[in-house]
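These are my notebook entries on a structure that I looked up step by step. I began with the terms and then went through sheets, a charged pair and some backbone features.

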Amino acid sequence: MKQLWKRVLVCSLAVILMVLFGQPGTARANAGLTASPSSVNFGSVAVNTLSSASFVTLANVGNQSVTILQASSTLPEFILSGPSLPFTVLGGQSVTFQVVFRPDSANGFSGNLAFALNRTSGGLKTIPVSGQGTGGTLASPSPSTTYLLSANTNSLAFGNVLAGSSGSQMLTLANTGNSAVSISQVTTAGTGFSASGLLLPAILVAGQSVALGITFAPTATGSATGTVSVVSTATNSPLTISLSGTGVQPQILVVPSSVSFGSVTVGVTNTQTVTLSNPGSANLSVTQITASGTGFTLSGLALPLSIAPGQSAAFTAAFAPVTSGTATGSLSLVSNAPSSLTTVALSGSGTASTLLLSANPASLSFGSVNLGSNATNTVTLSNTGHSSVSVSQINASGAGFSVSGFAVPFTLAAGQLASFPVAFAPAISGSSAGSVSVISTASNSPAAISLSGSGVQPVSHSVLLTWMASTSAVAGYNIYRGTQTAGPYTKLDSSYTVGTTYTDTTVQSAQNYFYVATAVDSTGMESSYSNEIPVAVP
């Protein structure tokens, strides 16, 4: 009854397939697709034992692609496995399926491998399969029979994977026993881990291996662990491989979060430094940065820019107003951070340019200056405007007045100072008046400094010294002078004075002097200093 039920099931399946896809063997169904071999005979196989695997290759010998929608066996004793479906075979290409025979009774079995094709190319491709079950109920396997499934590693480490993306590795499963093993289930555990690429059930004959793709796709940052479990007919089933990986994510931090340039003179550029840092756990990639708003620019940043975790990079934001008034703008940064677009507000105010130059003092009085001598005073120029001022000329007018100590042209930035001397050297007696004119790009040019002074005849002074003659025999006297009491003193003449008077014509007005004298004998020996005589010159 069991065998009859199987035959009825086969006939029913064949009828359903013919209704869905048309009669097998028609020109339309087989167009462009050939099978090698055209049939498979497994011969005699012990009951409840897996046969060696046979492989069927379907080749597309036509010009149009053929899509295999489904693949199945009309009898459960013939186990079919292959690539994931649907699978498209392009013209000139091929695909291979694996089939094994596992009889459950000592009978002959005949069935078909049925491949459902897309309607563009035809309905159904069938390949006959047959085999003979022998030996009745299978006795216990001999001790030398082994059913083992091994993996090329007992753990897979994915390392750092960017959250929102994925990393994949291939796991190789191999039959390291001496008998065929059937893989019936592959499951993964752990957030973000998945397996793919293996069509189940899959039969591995002794020594055969197959690749299994394992993917780690974290959705958040942090460490993750998991396992992949392979259930099979092997004695060491389930085979478990540990999985690990870390989800990482870059972050972006901009300092300052907004930039205010304050008041900036029209035509002048004000700059500020902006720093980008990455407090995240993956490399930050900045691919685009733009400045919007009139007068706002940026520089010093080469794109694309990669910033490692914990590192930073700086660039310059600038504001150069072209008109007066308030201006606003922004910096827009595109990166691989979770918030892809980062915006930094910019603001500033343009102020009208002012060009002002001030002189200190505004007038100079030299007082009385002896003819033949000179007096000097200093004038300081300061830029009290908002913009640079260029000085092209500095001229003095009036008898005896002159300027020096500068080279024109020169430029003073806003707030900058420059000084130069003004001299008065009168050539005649009497009052003199003049001015200094400073020509510049300032709006108040020329700046004028008034000058005044008087030339006077120099007054000559002298000091007459007299003393009593020494009671000892002397050859003469040496006269000494100092500018403070008790010395030090300086001898006025290189030779001694004969007589008891001396006139000092080298004194200056408004100066105090202190005199002493010594007696010199014929051998040149000098006495000690006389009493000190103070003299005040008016």
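Predicted model: local features only at pLDDT ≥ 70, side-chain atom pairs only at ≥ 80, totals over all residues.

Entry 1: I looked up the peptide bond from Ser 36 to Pro 37 and found it to be cis, with omega near 0°. Pro 37 lies in the loop between strand 1 and strand 2, the latter covering residues 40–46.

**Entry 2: the sheet that holds strand 1.** In which order do the strands of this open sheet stand? I read the order as 1-3-7-5, four strands with antiparallel pairing. Strand 1 (33–36) and strand 5 (78–81) are the edge strands, and each of them pairs on one side only. On average, neighbouring strands of this sheet are turned by 25° against each other, with direction ignored.

Strand 5 is joined by four bridges to strand 7, residues 94–101, and the two run antiparallel. In this pairing I found Ile 79 opposite Val 100 of strand 7.

**Entry 3: a positive phi at Asn 48.** I turned to the loop between strand 2 and strand 3 (54–60), where Asn 48 is found. Asn 48 is not a glycine, yet its phi is positive, at about 65°.

Entry 4: I next looked up an open sheet of four strands in the order 10-12-16-14, with antiparallel pairing. Strand 10 (149–151) and strand 14 (193–196) stand at the edges; each has a single partner strand, so one side of each is left without a neighbour in the sheet. Here the neighbouring strands are turned by 30° against each other on average, direction ignored.

Ala 195 stands opposite Ile 214, which belongs to strand 16.

Entry 5: Where is Pro 201 placed? I located Pro 201 in the loop between strand 14 and strand 15 (202–204). The peptide bond that leads from Leu 200 to Pro 201 is cis, with omega near -5°.

**Entry 6: the salt bridge.** How many salt bridges does the structure hold? I found one. The side chains of Arg 481 and Asp 504 meet in a salt bridge, at 2.5 Å from N to O. The pair links distant parts of the chain: Arg 481 is in strand 38 (residues 476–482) and Asp 504 in strand 40 (residues 501–504), 23 residues apart. I checked the exposure of the pair, and both Arg 481 and Asp 504 are buried.

Entry 7: The relative accessibility of Ala 486 is 65%. Exposed means over 50%, so Ala 486 counts as exposed.

Conventions
Residues numbered from 1 in each chain as written. Heavy atoms only, no water. Pairing = 2+ DSSP bridges. Axes fitted to C-alpha atoms, helices over the stretch in contact; angles between N-to-C directions. Salt bridge = Lys/Arg side-chain N within 4 Å of Asp/Glu carboxyl O. Buried < 20%, exposed > 50% of the residue type's maximum accessible area, 1.4 Å probe, protein only.
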